[in-house]
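Welcome! Please take a moment with the sequence and the structure, and then we can walk through some features together.

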Amino acid sequence: MDSYYSDAVYWIWLSEINGIGPVSAKALIDKFITPQNIYKATKSELVDISGIGIATADTIFNSKSLTNAELILNKCEKLNIRVLTYGDSLYPTQVKDIKKSPIILYYRGNLIEESMGVAIVGSRRCTEYGKRLTVDAGKFLAQNNIPVISGMAKGIDGYAHTACLKADGYTIAILGCGLDICYPKEHIELMQRIIERGAVISEYPPGIKPDANHFPMRNRLISAWCKKLLVVEAGEKSGSLLTAAYAKEQNREVFAAPNSIYIRESIGTNKLIVEGAKMYLNSSQLLLDNVRKTRVNRKIENAAPSGDDLTALEKAILIKIEDSPMNLGEVLVSLKENKSDILETISIMELKGMINNVGGIFKKCR
Amino acid sequence: MAAVVNCFALSGVDAYVVKIETDTIYGQPSVSIVGLGDASVKEAKERLEASIIHIKYEFPRMKIVINLSPGDIKKSGSHFDLAMAIGLLIQSKQMNIDEIESFAFVGELSLNADIRACAGILPMAIEAKKRGITNLIVPKENVREASLVKGINIFGFEKLTEVISFLEGVTPYSSLEDLKCEHVIQKPYLFDFQDVQGQDAIIEFIVATAAGGHNLIMSGAPGCGKSMIAKRIPSILPSMTEREALEVTKIYSVSGVLKNKGTLITERPFRAPHHNASMNSLVGGGNNAMPGEISLAHNGVLFLDEIAEFNKKTLDALRQPMEDNNVTIARVRYTNVYPSSFMLIAAMNPCPCGYYGQQKCHCTDYEVLKYRQKISGPMLDRIDIQKYVLPVDFIKLSGNSKGPSSSELRQKVEFARNIQRDRYKDIEEINSNAEMTPALIKEYCVLEGDSKKLLQMAFDRFNYSARTFHKFLKVARTFADMDGAEKLGKRHVAKALMCRDLDKEQVNMVVV
C-alpha cells in the first residue's frame with residue numbers, strides 16, 4: 001500500500017462524512033495537517049477547534065469506518081480515476097482559496113501545473129451565432145495555450161471543448177456526476193477525447209448519478225477554476241447565470257457576448273452586461289496576463305482569392321449571396337446565365353472555399 | 001376412375017398446373033379435400049355443395065375425395081372452386097365433355113353459383129399457354145387480364161350454369177366486348193414536373209438520377225416539396241417495354257391489387273409505404289410469402305418518405321434486393337423469388353427539428369449527425385445522389401415562371417439512357433451507369449483535362465472516402481451522357497461534386 005493510497009483513503013473518509021462540509025473540513029485540516037490525524041484525534045481535541053461544535057465532533061467520532069472510503073478508492077482504481085486532494089500541489093491555489101471549494105476532487109486524464117484558464121459556458125440549445133462565437137473562442141484559446149474550462153453539457157459547453165480539442169488545446173470538463181458516468185450520454189466520445197488530451201473533474205465519487213442539486217455545485221467549481229469566464233448564450237433562467245454569479249463572488253472577470261434583444265437565448269447574457277459583466281467583443285479579451293506562450297504553428301491561411309482572379313460569373317454570384325445567403329434555386333433564378341454554367345461555377349467555388357453550403361443555403365465564406 | 005380437371009396454383013409470380021382429381025366412393029356421405037390446401041381451399045366444399053344444389057344439379061350422396069396434385073406443395077386460394085365443381089359434375093356423370101384435358105378452369109364460386117374474380121390470372125394464363133392448354137375458362141372480370149396472353153382461347157363467364165351450357169355445346173361463347181382497343185389506351189400521367197416551380201436547381205439532379213438509374217435522397221425542411229418532386233419522377237422515366245409491363249402486371253396480379261379489371265399496367269409504378277412499414281410488408285412475406293412493396297415498385301419508383309423514421313432493420317433488409325434486383329422469400333416449405341428492380345427515392349429532414357441551417361434550428365451538431373446516422377452506411381452507400389430541397393420564394397425572384405415539363409425532361413432521360421443501352425449492350429445485368437462495377441468505371445469513366453484536378457481538390461477539402469470516388473465518377477458519367485460527351489469533362493465532374501450535400505456538411509460539424 002503506497003502513500004497515495006493510504007493518504008487518499010483518509011481524505012475520502014473525511015469528505016464523505018455527513019455534516020462535514022468543505023468549510024469545517026478545511027478548519028480541521030489547518031489544525032491537524034492530515035486527515036489521518038483527524039481520524040486519530042480524540043473528541044476533546046476536535047472540539048477545541050473553532051467552528052467545530054460538540055455535535056460535529058460526535059459525528060466525526062462516530063463514523064470511524066473506512067469501509068466506504070476503501071470501496072470508493074477501489075472503484076477509482078478500477079476506473080482509472082485519480083484523487084486530487086486539498087493538499088495536492090496540482091490543486092490550483094486560487095481554487096483552494098475559495099471558501100467552499102471541495103477538499104477532494106476526482107479526476108481522469110492529466111492535470112497540468114497551470115490548469116486554470118478561461119471558462120466558456122452557455123445554453124444547451126444555442127443559435128448559429130453562439131456556436132460560431134464559441135468555436136472561434138475555443139480555437140483562439142487553444143492556439144494561445146490557455147486551457148478551456150467548461151461543463152461538457154450539450155450545446156455551447158460541448159462546442160467549446162470540441163473546438164479546443166480540434167485545435168490541439170488543453171481542456172478541462174467539470175461534471176456534476178461520478179466520473180464513471182457520461183452525462184449527457186451523447187458526449188461519450190467527447191469525454192474520451194477530453195480524458196486523452198485534458199482532464200474531466202468532479203467532486204462526486206464514482207457511481208453518483210447526475211442530479212439537479214449537483215449542477216450549481218459544479219457551476220461553482222467551473223467559475224472557481226477559471227481566471228476569466230465567458231458566457232456565450234444564456235436564457236432568462238439559465239444555469240450559466242448562476243456560474244456568472246459565482247464568478248463575480250469569486251472575483252473572476254466575467255464576459256458576456258452581446259446579442260439581439262429579440263432572441264430568447266440572449267436575455268440572460270444581455271442582462272449580465274447590464275449588471276456589470278464586460279461585453280465580449282473580440283477574442284483577445286480572453287488572453288491572460290501571465291500566459292505569453294502563443295503558439296506560432298498556425299496553418300498557412302487559405303487566403304480568400306482577391307477580386308482579381310475571379311471570373312465574371314464568380315463575382316456575380318458572390319455579390320448575390322454577400323448580403324443575404326441564398327439557396328441554389330434562388331441563385332439560378334436571380335442570375336440570367338446558363339444553368340449548367342452556374343452549377344459548374346458554384347461547385348468549383350465551393351471547392352475553393354469561397355462559399356459554404358449549410359443546409360442547402362449558400363453563404364460567403366468568412 | 002377419378003375425373004381430372006386442370007387448374008393452377010401460384011408460386012411467387014409464376015403459376016404451375018394443379019390437377020384436380022375428383023372421385024366418388026361408396027360410403028358415408030362426406031367431402032374431403034386433400035393436397036395441402038389451406039383453410040380457403042378446405043372451405044370450398046361448402047361453396048361447392050351450395051352452388052351445385054342452387055343450379056338444380058345433384059350433389060352426390062357419397063364419399064367425395066378431391067385431390068389437388070401435386071400433393072406435396074401447400075396451396076391456398078379460392079380459385080380452385082370452379083375446377084372442383086366441374087370435376088364433380090363430370091365424375092357424377094351429370095355432364096360430359098370431350099377433351100377435358102385441353103381446358104383449364106379458374107374461379108371462385110359464390111353460394112348462388114356466380115363466378116367471382118380472383119388474383120393471379122395473368123401468370124396462370126402464361127403457364128396455360130406454356131403447357132399447351134388451349135382453352136382457359138376464367139371469371140368474366142378477369143377476361144381482360146387473361147387475354148393479355150395471346151395464342152390461347154380465353155372464355156369468361158359470370159355463372160356456373162353458363163360454363164356448363166358452353167361446355168356441353170348448348171350455347172356458343174359470345175365475346176363480351178372488343179378487348180383489343182383497351183390495351184392501347186394510355187392515361188396521361190397525372191403529375192407533371194411543370195407544377196414544380198422554382199426548383200430548377202434540383203430538377204437538374206433529378207433528371208440525372210433518372211437518366212443514370214441512380215438512387216436519390218432528398219433532404220429538406222417540412223413542406224418544401226420533397227414528396228411533390230418524388231411523385232413526379234415516374235413521369236420522366238422512359239416508358240416501359242412490353243416485357244417490363246408484363247412483369248409488373250404479373251406482380252400486381254399475384255398480389256391481387258390489379259386495378260382497372262386487369263388491363264396491362266403501362267405506367268411505371270410509384271410506391272410510397274409509410275414509415276411504420278414492417279419488414280415483411282416491404283420486402284415481401286407473410287403467410288403466403290406475398291410480394292412486398294419493393295416488388296410492387298418493380299421497374300418503377302420506391303419512395304421512402306421520412307426515411308430516418310423507418311426501422312433501421314427494415315431499411316437494411318432492402319440492401320440485398322437492391323443489389324440483386326430480386327428478392328428471395330424463403331419459407332420452410334417453399335421459396336419465392338420476386339423481381340425488385342426499383343429506383344429508390346428517399347426523403348428526410350436534415351435534423352431532428354427539420355429546419356437545419358435556418359434561424360429557428362437549435363439542434364446541436366451531435367444531434368444532427370446522430371439523426372442522419374439513423375440510415376446505415378451501407379444503405380447510404382447505395383444512394384449516389386443526396387440533395388437539399390429548399391422552399392423557394394420564387395414569386396419574389398421571378399414572377400410566374402413555369403418549370404420544364406415532364407415530357408421535355410423525359411427526352412433528356414431517354415437520350416442518356418439510349419447511350420447507356422448501347423454502351424452496356426454486351427454486358428449482362430448492367431443497364432445503367434448506377435450499376436457499373438469498378439472495372440467498368442475504370443474503362444468508361446475517363447477523366448479529361450482539368451477534371452482530375454477538380455476531384456483531387458474536392459477530396460482534399462471534404463475528406464471523402466475512397467468509395468465516394470466511384471460514386472462521383474458514376475454520376476459524372478451520367479452528366480456526360482446527358483451532354484452526349486465521350487469523356488468526363490470539368491463541367492460533368494463539377495456537377496457530380498454537387499451531389500453530396502449532406503456529406504459536405506459533415507466536414508464543418510463541430511464534433512469530435
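Strand E2 of chain A holds Ile104(A), the residue opposite Thr85(A). This is a predicted model, in which local features need pLDDT of at least 70 and side-chain atom pairs count only at pLDDT 80 or more, while totals for chains, interfaces and linings use all residues. Residues are numbered from 1 along each chain as its sequence is written, and chains are lettered from A and ligands numbered from 1 in the order in which they are written.

**A pair of strands**
- E1(A) and E2(A), residues 104-109, pair in the antiparallel sense over four bridges (strands are DSSP runs of E, at least two residues, and helices are runs of H or I, at least four, numbered from the N terminus; pairing takes at least two DSSP bridges).
- From E1(A), residues 82-85, Arg82(A) and Leu84(A) point one way, Val83(A) and Thr85(A) the other, and all are buried (20 or more other C-beta atoms within 10 Å of the residue's own, with C-beta atoms placed from the backbone).

**Two crossing helices**
- The axes of H14(A), residues 312-323, and H16(A), residues 339-352, come within 10 Å and cross at roughly 75° (axes are lines fitted to C-alpha atoms over the stretch in contact, with angles from 0 to 180 degrees between N-to-C directions).
- H14(A) and H16(A) are therefore roughly perpendicular (65 to 115 degrees).
- Leu313(A), Glu314(A) and Ile317(A) of H14(A) make the contact with H16(A) residues including Asp341(A) and Met349(A) (contact means C-beta atoms, placed from the backbone, within 7 Å).

**Where the chains meet**
- Contacts join 36 residues of chain A to 35 residues of chain B.
- H16(A) gives the largest share of chain A's side, seven residues.

How values were computed
Buried ≥ 20, exposed ≤ 12 C-beta atoms within 10 Å, placed from the backbone. Parallel < 35°, antiparallel > 145°, perpendicular 65-115°, else oblique. Contact = placed C-beta atoms within 7 Å.
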